[in-house]
Amino acid sequence: MTGRSWWGWGTTDRALNDDECVAAAAGLSGLPARPRPVPAVADLELPLPRIAVPESVPVSTAPAVRASHTYGKAYRDVVRALSGDLRAAPDAVALPRTEAQIVALLDWAASAGVAVVPYGGGSSVVGGVEYRGEGPWISLDVAGLDRVLEVDRVSRAARIQGGALGPVLEDQLRPHGLTLRHFPQSFEFSTLGGWLATRAGGHYATLHTHIDDLVESMRVVTPIGVSASWRLPGSGAGPSPDRMFLGSEGTLGVITEAWMRLQDRPRFKASASVRFRDMTPAMAAVRAISQAALYPANCRLLDPAEAALSGASSSGECVLVLGVESAAHPVDDRLAELLDLARDCGGTVAPSSDTGRDAAADAWRSTFLRMPYVRDGLARMSAIVETFETACTWDRAEELYATVRAGVGAAVEEVTGAPGMVTCRFTHVYPDGPAPYFTVIAAGRPGAELAMWDDVKTAASEVLGRLGATITHHHAVGRDHRPGYDRQRPEPFAVALRAAKSALDPAGVLNPGVLIDPAS
């Protein structure tokens, strides 16, 4: 994509300038007076490529291309890129435009013992698109496979290539009056194949929360052949082949196509926000809403710190942002039912603006889209800014919220020597539990940011594991979450996963180290 940042999130024209970085860090003490400069690609020291890829596969060894494919977009990635640490750069970046070229690349890589790491939009925040081995490796960028190949208007489905970025995909569906309606925060900079490989969470806070719910069938290139499942609305024919590849994070195969369930574009929308004195009644309201089968598209609960950070509220209250939509009929009555449930739990509905829009919802959305750029700006100031997310059942939700904030807050103070900020919002909610999403902001020390964040992250992961909460709800496992995933995963399943890896990728070249250890 033109204008993409090689080192940070999104596009270069939306990155914070130096003065904006300073202003963003104004509330944190002990940081440098000015942000560190962004290294120019021409000044980077990249290792020389160690391999020669067959001419049948389009590749690039240009420094800018290799640099931009070295890491994902987590805080750890941004800090390493800003420091100019590109020692782990891929030897080459493959740029296939056909499935046949992917087949050829995997055949060659298996015979040459070269690792291949699939790369969609590169927005991984868990170390999912980098390589931590010693040997040569190739980043396999599938963005050249970006077309909607077929639309079934009767069944409301489409066959879409795995390299289609969110906006590209939606632009091709719009003339048909259809939409996938899957909008993760990374929507602009992530692909359908990446969403499927990481079981991404999307736009809907209830009901169809994950991309899994929208899949009819998948086509996956593995090192031993192509797996193509039948296109069906449902099936009870044994374990689902699609389920094996959903969430496989590029270690079992490369997702090249999928038939996806679509819907008519919404014509009716309504939103509102509700304020609560604290999280106890707010959680009760969200639980009542999630169990009422009204399925709001948006049901984001912001704790007081998150509400203040986003500009949704400055009064120390929790804010619940609700939104409903439909392609078929007005939604005002459904919104009214949701608001009644919130009022029953002690909520106060905020008045709408003169335009009929909800100010808190607008403020939250604006901050939500802008926050990755702010994070990068704060990283340039040596601040620690990162997120982690989880999910638990309702009976443990209050304990988890309080324990995580206390435990992570204590870890931040121990590591940095000063209190930091730990905020929380619920991104998705289910009848049996919420998905809390935490943000950590603290002052770091130049040169020590990675070690400091790693210590805080370790403390957070330990608390989640102790409480029986998942290590990730929608950010995937990658390499950063491996310890938590190993703890959470049943051992018989681990045995089966290792066997599947061995059978599908005998040479062990696909994304080694993700989900399971590389074969010795």
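I looked up the contacts of His475 first, counting heavy atoms within 4.5 Å as contact. Beyond its neighbours within four places in sequence, His475 touches Val125, Val126, Thr387, Glu389 and Tyr437. This is a predicted model, where local features need pLDDT of at least 70, side-chain atom pairs need 80 or more, and totals for chains, interfaces and linings use all residues. I number residues from 1 along each chain as its sequence is written, and side-chain values use heavy atoms, without hydrogens and water.

I found His475 in the loop between helix H13 (449-467) and helix H14 (482-488); helices (H or I, at least four residues) and strands (E, at least two) are DSSP runs numbered from the N terminus. His475 is buried at 17% relative accessible area (buried is under 20%, exposed over 50%, partly exposed in between, with a 1.4 Å probe and protein chains only).

Next I turned to aromatic rings. Rings of Phe, Tyr and Trp (its six-membered ring) pair if their centres lie within 6.5 Å, with planes under 30 degrees apart stacked, over 60 edge-to-face and the rest tilted. By this rule I get seven aromatic pairs. One of them is Trp9 with Phe189, edge-to-face at 5.8 Å centre to centre and 85° between the planes. Trp9 sits in the segment before helix H1 (18-24) and Phe189 in the loop between strand E7 (178-179) and helix H6 (192-198), so the pair ties together parts 180 residues apart in sequence. Trp9 is buried at 9% relative accessibility, and Phe189 is buried at 2%. I also noted that ring pairs link Phe183, Phe187 and Trp195 into a cluster.
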